Amino acid sequence: MSKRFFITTPMYYVNDQPHIGHTYTTVLVDVLARHHRMLGEDVYFLTGTDEHGQKIEKTAAERGIKPRQLVDEVAPNFENLWKQMELTQDHFVRTTHKSHIELVQRRFRELSAKGDIYKAEYEGLYSVSDEAFVTEMQAKELQAQGLAHTLTTLKEASYFFRLSAYENWLIQLFDRYPEFVKPDFRLNEVKQFVAPNGERGNLQDLSISRTSITWGIPVPGDEEHVVYVWFDALLSYMSACRDGYWPPQIQVVGKDILRFHAVYWPAFLMSIFRKESDDLNGELPERVRQQLPQSILAHGWWLMGDTKISKSLGNIVRPRELLHFGHSAARYFMLRDMQIGHDRSFTFEGFMERLNADLANGLGNLASRSISMLHKYRSGAVPVPAAWDTADSEIKDLIGNTPSEYLARMEQNNFSGALEYLWGTLRALDSYIVKSEPWNLAKDASNSVKLDTVLAQLYRALRMTAVLAAPVMPDMCQLLWESLGLPGRVENQRFADINFDEPAPGPVKDPRPLFARIDKDTAIAEIEKQQPPQLPASKLDVPELRETTDYDTFCKTDLRIGLILEAERVPKSDKLIRMKVDIGLEKRTIVGGIGKAYEPDQLTGRKVVVVANLAPRKLMGIESHGMLLCASDNTSKPYLIAPSDDAQPGFIVK
Ligand code: ME8
């Protein structure tokens, strides 16, 4: 029986339409699903929608409709888009499905019976934008970022999941199975959350019910409460898993939801699969570990300018704008341009340049030239190579090594690197054509053997490309496959069966254009015409005014103009930046949580407003003397306040 491979996308919220971010994740999972099928595995690919919770309830209320109407209207947009893109999901789950609701309630009851869910009075801080209770440490972080106003104090009875009890097992999971979180540099932020600086005892129990909303799965036996949307949605991976495919091999998520998948989710599963007699302070039993996902793969964000493409900000790139250039082309671009784990700015210009270079000039041109030469010089038949000079042997070795290198990079989730390598081989073939000049070889019958070799190699390289790249560019590779005169569907090939020494069949068919060059200016003008209008600023959530204060209280805060002299990232943190700031009186070290919005070299030389008489505090072991004033929007993005150019370091701001 072939190996089973269960892979998932996140379950997307249906508070708005799908955008390029969702499309990217789902395409990535589709590529992996197709790739693993071609590795000969038995794949189950699951995607779907997350339909409960505060965000949905709020959006429905704003539109004056019932949440049920909203979710029934929007969920099909996701499902239809994936169908229209010919993605190969095996199942589309909606968290409002009856069977899912039943599973959530059943698990809730089971974990309560085990003592892992309990009811208690909660009094503490709550972050409205994250829909989550926050720990003291997280609250301090938010305060340091000037986001204290996003917190409110909440007192209510709530059901809690005993997350703290799983600290020991979670730490063992991260230490012994570091491949649980990929790419590896993301593991550290997960560990930091569970045990900051290696210190234990910080993980707090998780509130998993709400009384502030009604749109959710009722807590069994206590219907004033609905189940917290994350406990609900994460369990859909289980409620919609096909029999025999558990556990997931790869769960692809964006970095924004890594913590939910790498901490809460395995803890829920540990609780579900443990026996009551297991010792939570002892070894994580292998029997339990085997029920956890093998890895959570967290990718970075597509950015527009320097902000995350986001439904709530209105800076969306609609999938249809990309698909307009062909599904294969859009898929190739997304996989080739995004380095997994890192963020990437999206521009239409970059998109078109990539497609023109790699698909029109690169693969498209190589295929049409090669196939035309096979027609012209060999009437479409594919010759068998008989003699090899140095250049021929070099290119033969390169073609021979390409599949293993490509597959190894794919295995390491280095999708961009795999395509880069394959396209490197295609470029080498271009140079090989230029060097061997087949059009001159054809003029003299004595060069016929050499011409056979050149043409045969081109054919084999194209056949190999059609197979290797088929998961990334299914329709374009099928077209190439057919032009090469090969029968059936390329997706039915198995990588293990590629044998380059096998005589190639042929004859080739007429070359079919794979990708037409895009005229950038015309295409950009067209896209701009179709852009939906930006959301007016009034749509942003403007926080309420705070309590009135008196002038003397305000003046107690000593605000100064500062000049940033140096800036560098704090190791192991993607948020914190350590700066040396001249505030006129002295030069200070200030650590700011602005690393997601600014690069250090954008900061050096910049004038800022410093809260200068704030008591020093340590952030990741570094003492920070003061804080930089920032504005913020409802995405938590900081915007540094910029004083006028002629204000000098040390000036008081009042
Ligand atoms: O978080 N760049 O749903 P969601 C790249 N319902 N990927 C992006 C992106 C961007 N700019 N924006 C979104 C939820 N994504 C929960 C998930 S799972 C049990 C529950 C992708 O609709 C990325 O995969 O907000 C991100 O993690 C996901 O969409 C968030 O989708």
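Serine 379 sits in the loop that joins α14 (348-378) and α15 (390-411). Helices here are DSSP runs of H or I with at least four residues, strands are runs of E with at least two, and numbering starts at the N terminus. This is a predicted model, in which local features need pLDDT of at least 70 and side-chain atom pairs count only at pLDDT 80 or more, while totals for chains, interfaces and linings use all residues. Residues are numbered from 1 along each chain as its sequence is written, and side-chain values use heavy atoms, with hydrogens and water left out.

**Backbone spots in loops**

- Back to serine 379: its phi is near 50°, a positive value in a residue that isn't glycine.
- Going from lysine 182 to proline 183, the peptide bond is cis, with omega near -10°. Proline 183 belongs to the loop between β7 (181-182) and α7 (187-194).
- The peptide bond from tryptophan 246 to proline 247 is cis too, and its omega is near 0°. You'll find proline 247 in the loop between α9 (236-239) and β11 (250-254).

**α18 and its partner α16**

- Helix α16 (residues 415-436) packs against helix α18 (residues 448-468) at an angle of about 165°, and their axes are 11 Å apart. That angle makes α16 roughly antiparallel to α18 (under 35 degrees counts as roughly parallel, over 145 as roughly antiparallel, 65 to 115 as roughly perpendicular and the rest as oblique).
- Axes are lines fitted to C-alpha atoms, for helices over the stretch in contact, with angles running from 0 to 180 degrees between N-to-C directions.
- The crossing of α16 and α18 is left-handed (the near helix is turned anticlockwise from the far one by less than a right angle; clockwise would be right-handed).
- On the α16 side, the contact (heavy atoms within 4.5 Å) involves Leu422, Thr425, Leu426, Leu429, Tyr432, Ile433 and Ser436. Among the α18 residues that meet them are Lys450, Val454, Leu458, Ala461 and Leu468.
- Sorted by class, the contact of α16 with α18 has ten nonpolar, five polar and one charged residue. Ala, Val, Leu, Ile, Met, Phe, Trp, Tyr, Cys and Pro count as nonpolar, Asp, Glu, Lys and Arg as charged, and the others, Gly among them, as polar.

**α18 and its partner α14**

- The axes of α14 and α18 come within 10 Å of each other and cross at roughly 140°. That makes α14 oblique to α18.
- α14 and α18 also make a left-handed crossing.
- Contact residues from α14 include Leu363, Leu366, Ala367, Met373 and Tyr377, and α18 brings residues including Leu451, Asp452, Leu455, Tyr459 and Leu462.
- This contact of α14 with α18 counts eleven nonpolar, three polar and two charged residues.

**α1 against α3**

- Helix α1 (residues 20-38) and helix α3 (residues 67-84) have axes that come within 12 Å and cross at roughly 50°. That makes α1 oblique to α3.
- The α1 and α3 crossing is right-handed.
- His22, Thr23 and Thr26 of α1 meet Phe78, Leu81 and Trp82 of α3.

**A pocket and a cavity**

- On a 1 Å grid over the protein atoms alone, a cavity is a set of points where a 1.4 Å probe fits but cannot get out, and a pocket is an open set with protein on both sides within 12 Å along at least five of seven lines; lining residues have an atom within 4 Å of a point.
- The second largest pocket has a volume of about 680 Å³ (the space filled by probe spheres set on the points, which are joined across faces, edges and corners).
- Of its 27 lining residues, Gly146, Arg546, Met627, Leu629 and Cys630 are the closest to the centre of that pocket.
- At least two lining residues of the second largest pocket come from each of α5 (136-144), β18 (587-592), β19 (607-611), β22 (627-628) and β23 (630-632).
- The lining of the second largest pocket has 17 nonpolar, nine polar and one charged residues.
- Two cavities of 30 Å³ or more are present in the structure, and the second largest cavity holds about 30 Å³ of space.
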